[in-house]
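Welcome! Here is a friendly briefing to read alongside the sequence and the 3D view.

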Amino acid sequence: MNFESNNTTMKHNFGAGPCILPQEVFQQAANAVLDFNGLSILEVSHRHKDFVAVMDEAIDLVKKALNVPEGYSVAFLQGGASLGFTIVALNMMRDKKKAGYINTGTWASGAIKEAKKVGIDVDVFASSEDKNFTYIPKGYTIPTDVDYIHFTSNNTIYGTQFKEFPKTDLPLVCDMSSDIFSKEINVADFDIIYAGAQKNLGPAGATLYIVKDEILGKSSSTFMPTYLDLKQHVEKESMLNTPPVFSVYVAMLNLRNLLANGGVKAMEQRNNEKAALLYKEIDENPAFKGAVEVEDRSNMNVTFLLTDEDRTAEFDAMWKEAGIVGLPGHRSVGGYRASIYNALPIESVQVLVDVMRTFNQH
Ligand SMILES: *Cc1c(COP(=O)(O)O)cnc(C)c1O
């Protein structure tokens with residue numbers, strides 16, 4: 001079997017998720033499907049010491065990559081960030097049963113909806129809904145009479161990203177699904193960080209939680225199914241039930257790869273270069289325009305529009321011809337979205353930029 005053939009097709013995957021991972025990681029993952037210490041990674045017991053070692057290493061690598069301080073735990077669950085909306089609300093609910101949320105788009109709205117469903121009185125103290133989520137709200141007043149504050153660091157669908165996080169002494173919770181491991185963060189500022197794996201970490205299936213130990217077991221909710229209780233997962237070291245074995249394994253491989261290539265700091269530099277290259281073209285090329293406020297632009301999901309929508313079919317044919325995939329914007333907003341996650345090489349961004357230049361000259 002020749003897995004190398006994968007490399008010769010040269011697709012440039014700008015898909016928003018599940019997303020591109022480094023080719024070496026695909027190769028190693030493929031090998032482990034056939035041979036992981038004599039078994040397939042797909043058939044190995046999650047209780048076997050070989051997989052326990054994988055889980056331990058994955059957790060350890062998350063801590064290394066993000067400099068997770070003492071007093072925090074890392075856990076891998078299932079359910080995606082979507083179940084995370086419910087999990088963080090249930091786990092952070094205290095006596096006030098009230099929380100402050102920033103609404104910056106579809107996922108943030110989803111988090112609000114689920115918090116309400118578990119009985120939290122949600123104060124949406126900042127929102128960019130008035131301009132179809134094309135900016136990040138600023139100058140808001142953070143409420144004080146709430147149990148916690150929640151926001152979404154990167155808005156995958158719209159292409160906006162918080163450059164400065166909300167400053168508060170209240171417990172702070174963040175959905176970092178689409179920009180975790182893309183840049184340095186100060187974990188100590190947060191009480192819970194959660195992220196679906198499939199945007200920058202690994203294959204779909206695992207959901208990462210980084211949790212301040214202090215918050216565990218303090219929910220005021222009378223309804224707390226065992227699986228939704230983060231304390232259970234932390235105590236059982238992510239083995240409360242069968243974890244998403246393959247997803248955690250590949251995330252572990254990807255984190256090894258990240259750390260071997262300079263870690264998050266080096267990644268942030270490369271991501272900045274990729275984003276700068278693409279945004280420069282969007283700004284200088286008259287055939288295109290950005291879709292969101294310049295100062296709030298995401299370094300992970302670059303959204304843009306054609307100045308002349310009548311040329312859509314022509315542009316689509318050109319980027320497809322160049323081997324680009326995954327460029328159309330989310331079905332709810334249209335336009336184009338180039339997701340330039342960690343594993344996407346700058347060479348792929350250059351291919352897109354070249355297509356945009358040629359398109360403008362036509
Ligand atoms: C994709 C995404 C989600 C939803 O993730 P699932 O893992 O599919 O539940 C939530 N929040 C953000 C920011 C996302 O990008």
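Two strands pair if DSSP finds at least two bridges between them. Helices (H or I, at least four residues) and strands (E, at least two) are DSSP runs, numbered from the N terminus. This is a predicted model, in which local features need pLDDT of at least 70 and side-chain atom pairs count only at pLDDT 80 or more, while totals for chains, interfaces and linings use all residues. Residues are numbered from 1 along each chain as its sequence is written, and side-chain values use heavy atoms, with hydrogens and water left out.

**The seven-stranded sheet**

- Seven strands make an open sheet with mixed pairing, in the order β2-β10-β9-β8-β5-β3-β4.
- At the edges stand β2 (72–77) and β4 (121–127), each with a single partner strand, so one side of each has no neighbour in the sheet.
- From one strand to the next, the twist averages 20 degrees; angles here run from 0 to 180 degrees between N-to-C directions, and axes are lines fitted to C-alpha atoms, for helices over the stretch in contact.
- Strands β9 (residues 192–196) and β10 (residues 207–212) run antiparallel and are joined by five bridges.
- To find this pair in the view, look for Tyr194, which stands opposite Tyr209 in β10.
- Helix α5 (residues 106–117) lies across β3 (98–103), β4, β5 (148–152), β8 (172–175) and β9, and runs at about 160 degrees to β3. Contact means heavy atoms within 4.5 Å.

**The three-stranded sheet**

- Another open sheet has three strands in the order β11-β12-β14, with antiparallel pairing.
- Its edge strands are β11 (288–290) and β14, each of which pairs on one side only.
- The twist in this sheet averages 35 degrees from one strand to the next.
- β11 and β12 (residues 301–306) run antiparallel and are joined by three bridges, and Gly290 stands opposite Phe304 in β12.
- Helix α8 (residues 263–284) packs on this sheet and touches β11, β12 and β14, its direction making about 15 degrees with that of β12.
- Helix α9 (residues 312–321) also lies across β11, β12 and β14, running at about 20 degrees to β14.

**Helices that cross**

- Two packed helices are described by the angle between their axes and the distance between the axes.
- The axes of α3 (residues 49–65) and α7 (residues 245–260) come within 9 Å and cross at roughly 45 degrees.
- That makes α3 oblique to α7; angles under 35 degrees count as roughly parallel, over 145 as roughly antiparallel, 65 to 115 as roughly perpendicular and the rest as oblique.
- The crossing of α3 and α7 is left-handed. A crossing is left-handed if the near helix is turned anticlockwise from the far one by less than a right angle, and right-handed if clockwise.
- Among the residues making this contact are Phe51, Val54 and Met55 of α3 and Val245, Val248 and Tyr249 of α7.
- By class, the contact of α3 with α7 has 14 nonpolar, no polar and three charged residues. Here Ala, Val, Leu, Ile, Met, Phe, Trp, Tyr, Cys and Pro count as nonpolar, Asp, Glu, Lys and Arg as charged, and the others, Gly among them, as polar.
- The axes of α4 (residues 80–92) and α5 come within 8 Å and cross at roughly 45 degrees, which makes α4 oblique to α5.
- α4 passes α5 in a right-handed crossing.
- Ser82, Phe85, Thr86 and Ala89 of α4 meet Trp107, Gly110, Ala111, Glu114 and Ala115 of α5. These residues divide into five nonpolar, three polar and one charged.

**Loops worth a look**

- Gly17 and Pro18 are joined by a cis peptide bond, with omega about -5 degrees, and Pro18 lies in the loop between β1 (12–13) and α2 (23–34).
- Glu237 is in the loop between α6 (230–235) and α7, and has a positive phi of about 50 degrees although it is not a glycine.
- Ser238 is found in the loop between α6 and α7, with a positive phi near 65 degrees.
- Are these two residues buried or exposed? Glu237 counts as exposed at 53% relative accessibility, whereas Ser238 is buried at 2%. Buried means under 20% relative accessible area, exposed over 50%, and partly exposed in between (1.4 Å probe, protein chains only).
- Gly334 sits in the loop between β13 (324–325) and β14 (336–339), and counts as partly exposed at 32% relative accessibility.
- The C-alpha atoms of Gly334 and Leu305 are separated by 8.5 Å, with the two residues 29 apart along the chain.
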